[in-house]
Amino acid sequence: MCLSPDAITTYAHLRTAGHTRRGIADGVRTGALTPLRRGVYARDGACEQARVAARHGGGLCCTSAARHLGIWVLSPADDVHVWLRGHGHAYEHSECTCVEHWDEGPVCDAFGVPSIPRILRQMLHCLGVEHFFVALESALRQKLIDTAGLEWLRSTSRAAKDAISFARADADSGLESLLRWRLRSHGLRIRSQVDIVSVGPVDLLIGERLIVEADGKENHDGPSTRHQDLIRDAHAAIWG
């Protein structure tokens, strides 16, 4: 899959597509094309992380690609993960904090991102199973990964197989996924998105009576949302 058609392009591709040398120069002058390194250009609108990855020699991958595609990611967006594949070449550029990935795999062009299953496998190997699990549940909820992709992931490692077996497709946030993952070894009965009488749907129900909401501050901050939370707390308490 590509970030967008020709978001990052090359001089050779532009010439093959019929652009003249003068037309390319005019594109640079007007800002329609931005030179990233010799022979590589970003079109107007290409995201900054994709530009950084192209300067480094490849395309977005791992957490950078997952975040770009709207998948929940635990790690901050500071470092750009760059897919160089097994035969790529890394280029020096200013303020580089890129994380290089050298695994092989098919791409649509030199700057295309990996498939969703490969992105998830990169996250597993690069950052560990918690990051993998949270992103996996996000991909499942958004229907971004199919049965074939899950089977391929299962075959790559025991850690991936165990996480896939535990994963659900109805997690409402990355925090909810993380909480369930960290509680899994305690032998608790944990259900997700349970509809409670007089309260409504809740993120997690542990046992029969402990309600846990894991949406984060942005979903529970401010007078109106806090007031609504207090009403739900009171109703939950009345019903035991």
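This is a predicted model: local features need pLDDT of at least 70, side-chain atom pairs count only at pLDDT 80 or more; totals for chains, interfaces and linings use all residues.
The axis of a helix is taken here as a line fitted to its C-alpha atoms over the stretch in contact, and angles between axes run from 0 to 180 degrees between N-to-C directions.

The axes of helices H6 and H9 come within 9 Å and cross at roughly 130 degrees. The crossing in which H6 passes H9 is right-handed. On the H6 side, Val-129, Glu-130, Phe-133, Val-134 and Glu-137 take part, and they meet Gly-174, Ser-177, Leu-178, Arg-180, Trp-181 and Arg-182 of H9.

H6 also packs against H5, at an angle of about 160 degrees and with the axes 7 Å apart. The two helices are therefore roughly antiparallel, and H5 too passes H6 in a right-handed crossing. Here Ile-116, Leu-120, Met-123, Leu-124 and Leu-127 of H5 meet a set of H6 residues: Val-129, His-131, Phe-132, Ala-135, Leu-136 and Ala-139.

Helix H8 (residues 158-166) brings these helices together in another way. Ala-160, Ala-163 and Ile-164 of H8 are buried. Why do these three lie on the same side of H8? They cover an arc of only 100 degrees around the axis, which places them on one side of the helix. The face of H8 turned away from the buried side carries exposed residues, Arg-158 and Ser-165. The cover over the buried residues of H8 includes H5 (116-127), H6 (129-141), H7 (147-154) and H9 (174-183).

Turning to the strands, 3 of them form an open sheet in the order S1-S3-S2, with antiparallel pairing. Strands S1 (8-10) and S2 (33-37) stand at the edges with a single partner strand each, so one side of each has no neighbour in the sheet. From one strand to the next, the twist averages 35 degrees. S1 and S3 (residues 40-43) pair over 3 bridges, and Ile-8 has Ala-42 in S3 as its bridge partner.

Two helices lie across this sheet. Helix H2 (residues 21-30) lies across S2 and S3 and runs at about 95 degrees to S2. Helix H3 (residues 48-56) lies across S1, S2 and S3, at about 40 degrees to S2.

Note on methods: Residues are numbered from 1 along each chain as its sequence is written. Side-chain values use heavy atoms; hydrogens and water are left out. Two strands pair if DSSP finds at least two bridges between them. Helices (H or I, at least four residues) and strands (E, at least two) are DSSP runs, numbered from the N terminus. Contact means heavy atoms within 4.5 Å. Buried means under 20% relative accessible area, exposed over 50%, partly exposed in between (1.4 Å probe, protein chains only). The arc is that of the directions from the helix axis to the C-beta atoms. A crossing is left-handed if the near helix is turned anticlockwise from the far one by less than a right angle, and right-handed if clockwise. Angles under 35 degrees count as roughly parallel, over 145 as roughly antiparallel, 65 to 115 as roughly perpendicular and the rest as oblique.
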